[in-house]
Amino acid sequence: MTGHYPNTRLRRTRAHGWSRALHRETVLTPADLIWPLFVTSGEGVEEPITTLPGVSRWSVDGIVARAKEAVDLGIPVVALFPNTPRELRSDDGAEAHNPDNLMCRAIRAIKDACGNDIGVLTDVALDPYTSHGQDGLVDETGYVVNDETVAVLVDQAVNQANAGADIIAPSDMMDGRIHAIRRALEMNAHPNVQIMSYAAKYASAFYGPFRDAVGSGGLLKGDKKAYQMDPANADEALREVALDIAEGADSVMVKPGLAYLDIVYRVKQRFDVPVFAYQVSGEYAMIEAAQAAGIGDRDALVLEKLIAFKRAGASGVLTYHAAHVARLLNG
Ligand code: PBG
């Protein structure tokens, strides 16, 4: 403590807007945002997602339009998730390897239209492609088998990189997948394709609307607790992050967001690597519900939550509010 009242009055610097601006410790800009988008088949298609009010699935042409919008708004990255047609889902999620699947078509279309004006981040996990909604291959007991799944995820990642993905984001939580994917990217002439690992991803109740969006919710039996983390654990998250960095991740992600700010903070303090937070679908839906119920102001709620991620040490945030927030920030 350097002073005492009244020499020190912390309210002095808060008295006026100009002074609050001058003393602000953390800033949020559109460059901090990653915009998740849901891809669906067809052309000229927009499908609103009931559990994510204000968010739609778009056919590839609409996805390209969103990507252009992101460029104009100063959003540096879009994240893609496909809603694979039901008839293309299978036990082994083979559609994930199809070089012409929805994901790859969307990647190529964005890259054709926007080039390197925008980065494309792609999710690696099998849940949008499996008939059982799990992120990997299951054995006869329903257990998601690790090593066999990793082998499949490697092919999925290379398939996405071949289509032009800039950042591979494995969200499956298998052990050892970052090393395997990194090696495959090196061997397949993709040395500059980044890996943002979902390093600390929790078995969360906040993913419900997302599963509706990619159409895996109705298919999923049981839960993902045998691979996603226990919400009670924090030390284990640091071990996950340490492994993923050692295995070749360029950046790591903590997911969900707001309820896991302590994890974001500890990861940043401990490792000094780029950390991203995913404000997931349930978090988005809660803000929209608060707005609809008249118990909170959407814009104020979103801006406050997003600055909290930056304050905790996040380099950026994946949020379904990205375009809306960029518009707010751009005035
Ligand atoms: C699946 C995946 C999930 C999300 C991103 N990738 C859901 C899950 O693990 O079941 C959730 C994102 C969100 O809720 O917004 N690999």
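**The ligand site and the spaces around it**

The largest cavity of this model is the space that the ligand takes. A molecule counts as sitting in a cavity or pocket if more than half of its atoms lie within 2 Å of its grid points. The model is predicted, so local features need pLDDT of at least 70 and side-chain atom pairs count only at pLDDT 80 or more, while totals for chains, interfaces and linings use all residues. Residues are numbered from 1 along each chain as its sequence is written, and side-chain values use heavy atoms, with hydrogens and water left out.

Rolling a probe the size of a water molecule over the atoms shows where empty space is left. Here a 1 Å grid is laid over the protein atoms alone; a cavity is a set of points where a 1.4 Å probe fits but cannot get out, a pocket is an open set with protein on both sides within 12 Å along at least five of seven lines, and lining residues have an atom within 4 Å of a point. Grid points are joined across faces, edges and corners, and a volume is the space filled by probe spheres set on the points.

By this rule there are two cavities of 30 Å³ or more. The largest cavity has a volume of about 80 Å³. Its lining includes Asp123, Asp127, Ser171, Lys201 and Arg211. By class, this lining has six charged, two polar and two nonpolar residues, where Ala, Val, Leu, Ile, Met, Phe, Trp, Tyr, Cys and Pro count as nonpolar, Asp, Glu, Lys and Arg as charged, and the others, Gly among them, as polar.

Around the ligand itself stand 17 residues, the closest being Ser171, Arg211, Lys224, Lys255 and Tyr320; a residue is near if one of its heavy atoms lies within 4 Å. This shell holds seven nonpolar, three polar and seven charged residues. Polar contacts are pairs of N or O atoms within 3.5 Å. A ligand nitrogen lies 2.7 Å from an N or O atom in the side chain of Ser171, and a ligand nitrogen is 3.1 Å from such an atom of Asp127. A ligand oxygen is 2.7 Å from a side-chain N or O atom of Lys201. Taken alone the ligand exposes 400 Å², and the protein buries 100% of that; these areas come from the Shrake-Rupley method with a 1.4 Å probe.

The second largest cavity, of about 40 Å³, is lined by Tyr207, Phe210, Lys255, Tyr278, Val280, Ser281 and Tyr320. Pro256 lies in the loop between β8 (251-255) and α8 (261-271); helices (H or I, at least four residues) and strands (E, at least two) are DSSP runs, numbered from the N terminus.

The largest pocket has a volume of about 310 Å³. It is lined by 19 residues, and the closest to its centre are Trp35, Gly54, Val55, Tyr284 and Tyr320. The largest share of the lining, four residues, comes from α11.

The second largest pocket holds about 180 Å³ of space. Met173 is among its lining residues. Phi of Met173 is near 70°, a positive value in a residue other than glycine, and Met173 is placed in the loop between β6 (167-170) and α5 (177-187).

Methods. Polar contact = N/O pair within 3.5 Å; in protein donor to acceptor, adjacent residues only side chain to side chain.
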